[in-house]
Amino acid sequence: MSKQSQLEKIIRPAVEAAGFEFWGLEYLSQGKHSILRVFIEHENGIDVDDCAEVSHQVSGVLDVEDPISGFYNLEISSPGMDRPLFTEQQFAQYVGETVELRLSFPLNGRRKFKGTIEQVNNGQIELLVDGEVYDISVQQIEKAQLIAKY
């Protein structure tokens, strides 16, 4: 089980018990400057008090489970307008929108893509990039972010 999966298994129930949707997490292991960033969502939006409440819940669970050795900073955040995307369902919500992707390993010689989500089916994202369509597996995406429209 990956570190991300292990952390999600511990953190998701605490977020949901507090009445919020678990959107995803990022764990950036950087020695004494490691960051655990947890994204939460709610139909009424997210404010600072919501983040504080979830931080309290998640901190308690992490103190008991102790899944991260060493120092780290816990950050609780709304996904925001330029939200990261983690799951096939999240990509499907944003068909027709523009995203930036970084893949775990190259596809046709490149790892970074910026394009429009055309379709999402069976773990595959059809991404239109400069007039060319790429079929990308959700599993090979290292990082994805929606490009906000202002």
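Where is the place of Asp130? Asp130 is found in the loop between E6 and E7, in a predicted model in which local features need pLDDT of at least 70, side-chain atom pairs count only at pLDDT 80 or more, and totals for chains, interfaces and linings use all residues. Residues are numbered from 1 along each chain as its sequence is written, and side-chain values use heavy atoms, with hydrogens and water left out. The protein chain is divided into domain 1 (3-77) and domain 2 (88-146), with bounds that come from an automatic or database domain assignment. The centres of these domains, taken over C-alpha atoms, are separated by 26 Å. Helices (H or I, at least four residues) and strands (E, at least two) are DSSP runs, numbered from the N terminus.

- Three strands form an open sheet in the order E1-E2-E3, with mixed pairing; two strands pair if DSSP finds at least two bridges between them.
- Strand E1 (21-28) and strand E3 (72-77) are the edge strands, each pairing on one side only.
- From one strand to the next, the twist averages 15 degrees, where axes are lines fitted to C-alpha atoms, for helices over the stretch in contact, and angles run from 0 to 180 degrees between N-to-C directions.
- E1 pairs with strand E2 (residues 34-41) in the antiparallel sense over seven bridges, and Glu21 stands opposite Glu41 in E2.
- Helix H1 (residues 3-17) packs on the sheet and touches E1 and E2, its direction making about 145 degrees with that of E1; contact means heavy atoms within 4.5 Å.
- Helix H2 (residues 48-65) lies across E2 and E3 and runs at about 140 degrees to E3.

**Five-stranded sheet**

- A second open sheet has five strands in the order E7-E6-E5-E4-E8, with antiparallel pairing.
- Its edge strands are E7 and E8, each of which pairs on one side only.
- The twist in this sheet averages 40 degrees from one strand to the next.
- Strand E6 (residues 124-129) pairs with E7 in the antiparallel sense over six bridges, and Ile125 has Ile136 in E7 as its bridge partner.

**Loop residues**

- Gln140 is placed in the loop between strand E7 (132-137) and strand E8 (141-146).
- Gln140 counts as buried because its relative accessibility is 12%; buried means under 20% relative accessible area, exposed over 50%, and partly exposed in between (1.4 Å probe, protein chains only).
- Not counting residues up to four places away in sequence, Gln140 touches Arg102, Leu103, Ser104, Phe105 and Leu107.
- Asp66 lies in the loop between H2 and E3 and, at 56% relative accessibility, counts as exposed.
- Most residues other than glycine have a negative phi.
- Phi of Asp66 is near 50 degrees, a positive value.
- Asp130 likewise has a positive phi, near 50 degrees, and is exposed, with a relative accessible area of 79%.

**Largest pocket**

- The largest pocket has a volume of about 650 Å³. On a 1 Å grid over the protein atoms alone, a pocket is an open set of points with protein on both sides within 12 Å along at least five of seven lines, and lining residues have an atom within 4 Å of a point. Grid points are joined across faces, edges and corners, and a volume is the space filled by probe spheres set on the points.
- The largest pocket is lined by 25 residues, of which Gln4, Leu25, Phe86, Ile141 and Glu142 are the closest to its centre.
- H1, E1, helix H3 (88-93) and E8 are the elements that give two or more residues to this lining, and E1 gives the most, with seven residues.

Notes: On a 1 Å grid over the protein atoms alone, a cavity is a set of points where a 1.4 Å probe fits but cannot get out, and a pocket is an open set with protein on both sides within 12 Å along at least five of seven lines; lining residues have an atom within 4 Å of a point.
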